[in-house]
Amino acid sequence: MGTNPFELHMERLPRTIELVRGDDGRAQLRYIDQRKLPYELETVETADWWVVVGAISTLALRGAPALGVAGAAACALEAAELARTRGEAPCDTGYFAEFDDVAERIASARPTAVNLRWGAERAKSAAHRRAAEPGATRADVAKTLYNLVKQMEAEDERANRAIGAAGAALLAPGSRVLTHCNAGSLATVFFGTALGVVYAAAAKGLIERVYADETRPVGQGARLTVWELAQAGVPTTLICDDMAASLMAQGKVDAVVVGADRIAANGDTANKIGTYGVAVLAHENGVPFYVAAPTSTIDPHLADGSRIPIEQRAPEEVLAQPIAGVDVWNPAFDVTPARYIAGIITERGVFEPARIAEALNG
């Protein structure tokens, strides 16, 4: 065990997303508006599922594990609204025609991150099961979904801490870690996946420094990763995306740890655009490249990464004002082939990419 030259302050990190009861007793989703970071920490509360979908679409609320909880929470808000004036009414055909439509719209808000659909579908299934019970009312379904989301919040943090512990075991004292995008506490309910590994390793005195790619074009590394690392007290250095190669060539990176938005059955992994390039650089420089993600990010129905849908985002993220004759290509994600991944770190342990489907049976 090493000795940290710094103090770790996880208590300085706020919870990213949380379902609460408002002053009027109604369910409300409280989340950090991540568009305002790093210079302003703003928390939003809403009882409207459509506001949550807007937050997801505009990246005010982001990160695969957080989106899983957000998907279920948005469904819980809709169930609460359907019960607000007719709480004692049964969940008839008309009820589920509306609820199921909303659940699908929530699940479709962003196509690449499988966790969002996973969370919405989990809430939808729970609603149907509760409604099928004798005498069940709309109020009963709303309560069931509220409790489900609170359960998912706790599950997420437990999974992240387990991922952190498993990943920390891969790092040596004095490790210098490079990460891309933000797979930290801000991408989860609390603690993080890739940065969860960093935090767990830091607690054991193993971390010397974290290098954070800025992550063009939206700057999740520059705005979010460095902010939360600084809050936690972890030494961090921000680099432009095109500086990672030189940093590795100079021997200043001991490991790369990133998150994931979807993992195919063969271990191919979709993550924020630019991750594939970092993986190739790591391979060329002999630096182990790890993916940290909960098992809810694994999509066993996709044989390989070529089948992962890639979200295309607005050109304004790349070019603020259009230039005549210039087109913009702006995919939000790319796919890293399994051959570049040294290991996939889950809450059930570390798996070789080709064996990642086994994590679902753990």
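View 1. Ala, Val, Leu, Ile, Met, Phe, Trp, Tyr, Cys and Pro count as nonpolar; Asp, Glu, Lys and Arg as charged; the others, Gly among them, as polar. This is a predicted model: local features need pLDDT of at least 70, side-chain atom pairs need 80 or more, and totals for chains, interfaces and linings use all residues. Residues are numbered from 1 along each chain as its sequence is written, and side-chain values use heavy atoms, without hydrogens and water.

**View 2. W118, E155, A159, P294 and S296 lie nearest the centre of the largest pocket.** The lining has 14 residues. A pocket is an open set of points on a 1 Å grid over the protein atoms alone, where a 1.4 Å probe fits, with protein on both sides within 12 Å along at least five of seven lines; lining residues have an atom within 4 Å of a point.

**View 3. The second largest pocket is lined by residues including R21, D24, R84, K143 and Y146.** Its lining divides into 6 nonpolar, 1 polar and 5 charged residues.

**View 4. C91 is in no disulfide.** A disulfide is a pair of cysteine sulfur atoms within 2.5 Å. The whole structure has 0 of them. The nearest cysteine sulfur to C91, that of C75, is 14 Å away. C91 is buried, at 15% relative accessible area. Buried means under 20%, exposed over 50%, partly exposed in between (1.4 Å probe, protein chains only).

**View 5. C181 is buried, at 8% relative accessibility.** Its closest cysteine sulfur, in C240, is 16 Å away, too far for a bond.
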